[in-house]
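Me: I have a structure open here and would like to go through it with you. Could we begin with the strands and then turn to the pockets?

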Amino acid sequence: MIYGVFLLYQIQTLKKMEYKLDNGGCCMNKRGCNNNSTQKLSTFDWMCDLPETQKETDFVEVQFKNTRKGYFLNNTKIPLEKGDMVAVESSPGHDIGEVTLVGRLVLLQMKKYNVNPDKMEVRRIYRKAKETDLEKLQEAKAKEQGTMIRARQIAENLKLNMKIGDVEYQGDGNKAIFYYIADERVDFRQLIKVFAETFRVRIEMKQIGARQEAGRIGGIGPCGRELCCSGWLTTFNSVSTSAARYQDISPNPQKMAGQCGKLKCCMNYELDTYVDALKVFPSKEIQLETLDNTFYYFKTDVFKELVSYSTSPNFGANVVSISPQRAKEIIALNKKGIKPDLLDDQSDIEAKPVSVNYENGVGQDSLTRFDSNNKRPKSNIRKGNQSQVGKTKRTETKMNPPRFEKPIKKIDIDPKQNEE
């Protein structure tokens with residue numbers, strides 16, 4: 001009886017733990033990180049554990065295939081959580097998407113993407129998706145691959161300089177969005193007519209760039225992580241070759257280009273830091289004059305705060321590294337017509353403080369300071385000096401008695417009693 005009550009108590013405790021894992025915390029619920037979602041560019045809801053923030057607004061963020069998102073009004077007060085599939089208003093018909101954000105963070109996201117409900121029409125959420133809605137959505141997704149292949153064949157037959165990267169059907173199957181890439185302006189009026197006759201749906205053409213296409217397809221970058229464009233990057237800023245020049249990156253097109261064929265987006269991440277650090281360094285075009293040679297700019301080490309100069313303008317010969325302050329001093333002397341004897345000032349090198357390793361009171365002591373070292377030294381015993389080694393051992397025993405052995409008391413012994 002007691003064992004049954006104890007077992008019932010454990011089952012109830014486990015049920016409570018499961019309830020907590022499903023409705024609170026991070027990475028284990030639908031309102032937090034939502035790592036179990038297949039949608040890309042998912043927003044981390046760091047307010048998921050604050051119930052008062054979930055009901056501040058009726059606007060809901062809904063994400064569709066890949067990177068297409070929208071903000072809809074939940075005017076019927078449907079209880080929604082992150083991860084729910086909903087049917088939303090569209091033109092024509094309705095669309096099926098996944099709720100990716102609710103609560104206060106939706107307003108911040110709308111402000112980030114310049115979505116003003118006062119200046120533009122916000123569509124509504126009809127209901128939570130039913131089984132019939134999800135079945136239609138799966139049927140529509142099953143047709144996307146075949147539609148894309150057929151659309152590429154039609155565009156090639158019409159000799160249009162464009163590439164159809166992806167096709168997305170609406171949730172009810174009444175509309176198809178064709179994502180295409182083109183370097184120049186394309187007249188696809190005839191293409192839309194052929195598409196409408198072939199696929200019997202409403203056609204929408206949407207142009208995207210190479211970076212957006214890579215974000216929609218996804219992949220692994222050379223760093224070993226998921227591509228930034230498919231994981232978290234939403235705005236694609238232009239990347240120029242000057243970013244590589246500021247950071248002293250090797251001008252190798254194969255290393256500088258990403259999987260989309262464009263310059264890597266990560267070249268812009270640390271660009272501002274490098275630009276601020278390079279303000280201390282002199283211009284690369286200025287030459288330094290000494291009594292012996294003329295020095296040309298060779299390279300810059302931002303981390304060590306050193307600038308290197310060479311006697312040859314084309315390759316590194318007699319390279320000398322100096323501080324940017326010393327380079328500015330020489331430039332100021334050259335403007336006055338003064339040429340120093342040496343490029344590097346030895347006094348500056350001597351004045352540099354010596355780096356001291358980290359020390360503290362505990363670190364100065366040895367870790368083995370409490371260990372007793374009572375090991376006897378090893379000695380090679382030979383035949384000629386065995387007696388001497390024996391005397392040495394006896395002497396060491398008298399001088400160093402065992403640590404835990406009691407001292408022996410001296411007792412006067414009568415030799416006559418000893419004989420008896």
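Me: Which strands form the open sheet, and in what order?
Reply: This is a predicted model. Its open sheet has three strands in the order β6-β7-β8, and the pairing is mixed.

Me: Which strands are at the edges?
Reply: The edge strands are β6 and β8, each of which pairs on one side only. From one strand to the next, the twist averages 25°.

Me: Which helix packs on that sheet?
Reply: Helix α6, residues 189-199, packs on the sheet and touches β6, β7 and β8. The direction of α6 makes about 135° with that of β8.

Me: How do β6 and β7 run, and how many bridges join them?
Reply: The two strands run antiparallel, and six bridges join them. Together β6 and β7 form a hairpin with five residues between them.

Me: What about Gly173 in that turn?
Reply: Gly173 has a positive phi of about 80°.

Me: Which residues of β7 stand opposite Lys163 and Glu168?
Reply: Lys163 stands opposite Ile181, while the bridge partner of Glu168 is Ile177.

Me: Where do the side chains of a regular strand point?
Reply: In general, they alternate between the two faces of the sheet.

Me: Is β6 largely enclosed or open?
Reply: β6 is largely enclosed by the rest of the structure, because six of its seven residues are buried.

Me: Now to α7. Where does it lie?
Reply: Helix α7 lies across β6 and β7, and runs at about 50° to β6.

Me: How many of its residues are buried?
Reply: Six of the eight residues of α7 are buried, so this helix is largely enclosed by the rest of the structure. The buried residues are Ala210, Arg211, Glu213, Ala214, Gly215 and Arg216.

Me: What covers them?
Reply: The cover over the buried residues of α7 includes β6, β7 and α8.

Me: And what follows α7?
Reply: Gly218 follows α7, and its phi is positive, near 85°.

Me: How many residues line it, and which lie nearest its centre?
Reply: The lining of the largest pocket has 35 residues, and those nearest the centre are Thr67, Arg68, Lys69, Gly70 and Lys206. By class, 17 lining residues are nonpolar, seven are polar and eleven are charged.

Me: How much space lies in the second largest pocket?
Reply: The second largest pocket holds about 510 Å³ of space. The elements giving two or more residues to its lining are α7 and α8 (228-231).

Me: Which element gives the most to that lining?
Reply: That is α8, with three residues.

Me: And which residues lie nearest the centre of the second largest pocket?
Reply: Cys223, Glu226, Leu227, Cys228 and Cys229 lie nearest its centre, among 20 lining residues. The lining of this second pocket has eleven nonpolar, four polar and five charged residues.

Note on methods. Residues numbered from 1 in each chain as written. Predicted model: local features only at pLDDT ≥ 70, side-chain atom pairs only at ≥ 80, totals over all residues. Heavy atoms only, no water. 1 Å grid on protein atoms, 1.4 Å probe; cavity = no way out; pocket = protein on both sides within 12 Å on 5 of 7 lines; lining within 4 Å. Nonpolar A, V, L, I, M, F, W, Y, C, P; charged D, E, K, R; others polar. Points joined across faces, edges and corners; volume = space filled by probe spheres on them. Helix = DSSP H or I, 4+ residues; strand = E, 2+ residues; numbered from the N terminus. Buried < 20%, exposed > 50% of the residue type's maximum accessible area, 1.4 Å probe, protein only. Pairing = 2+ DSSP bridges. Axes fitted to C-alpha atoms, helices over the stretch in contact; angles between N-to-C directions. Contact = heavy atoms within 4.5 Å.
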